[in-house]
Amino acid sequence: MTDIATTGRALPHPEREQIRLESVLHALSDPIRLEIVCELAARESELSCSQFDLPVTKSTTTHHFRVLRESGVIRQVYRGTAKMNGLRRGDLEDLFPGLLDSLLAAAGRQAVRLREGG
């Protein structure tokens, strides 16, 4: 939930019942967006956009966060001047049981395989 009284800025998010599987899968099909989600899942807390060290420009980073937000994968809220990002794990688990954990596990196995050169 955004604190509009404090920031005056609210970001549009789909309601839980509006989240669609194909939008979630599309959002997670990009390696940069998958990296963002893996980092959020690993930390289990909100992170500001600036806490991510991504190999893309700021405008491209903004695009990736917007795709994740509009698909319902993350929730973004302003806290002061920082835009905080949190994984919508509960909503995703309720709608698509096991999907997020399966994707995160597969991403982890892939990362190991790629590091090992296979």
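A pocket is an open set of points on a 1 Å grid over the protein atoms alone, with protein on both sides within 12 Å along at least five of seven lines; lining residues have an atom within 4 Å of a point. A cavity is a set of points where a 1.4 Å probe fits but cannot get out.

This is a predicted model: local features need pLDDT of at least 70, side-chain atom pairs count only at pLDDT 80 or more, and totals for chains, interfaces and linings use all residues. Residues are numbered from 1 along each chain as its sequence is written, and side-chain values use heavy atoms, without hydrogens and water.

**Exercise 1.** Characterise the largest pocket.

Step 1. List the lining: L28, S29, D30, P31, L34, E35, C38, L103, A106, A107 and Q110.
Step 2. Helices (H or I, at least four residues) and strands (E, at least two) are DSSP runs, numbered from the N terminus. Two or more residues come from each of α3 (31-43) and α6 (99-115).
Step 3. Sort by class. Ala, Val, Leu, Ile, Met, Phe, Trp, Tyr, Cys and Pro count as nonpolar, Asp, Glu, Lys and Arg as charged, and the others, Gly among them, as polar. The lining has 7 nonpolar, 2 polar and 2 charged residues.
Step 4. Take the volume, the space filled by probe spheres set on points joined across faces, edges and corners. The largest pocket holds about 220 Å³.

**Exercise 2.** Find the cavities of 30 Å³ or more.

Step 1. The whole structure has 1. The volume of the largest cavity is about 40 Å³.
Step 2. V24, L28, L92, F96, L99, L100 and L103 form its lining.
Step 3. α6 supplies the largest share, 3 residues. α2 (21-28) also supplies at least two.
Step 4. The lining has 7 nonpolar, no polar and no charged residues.
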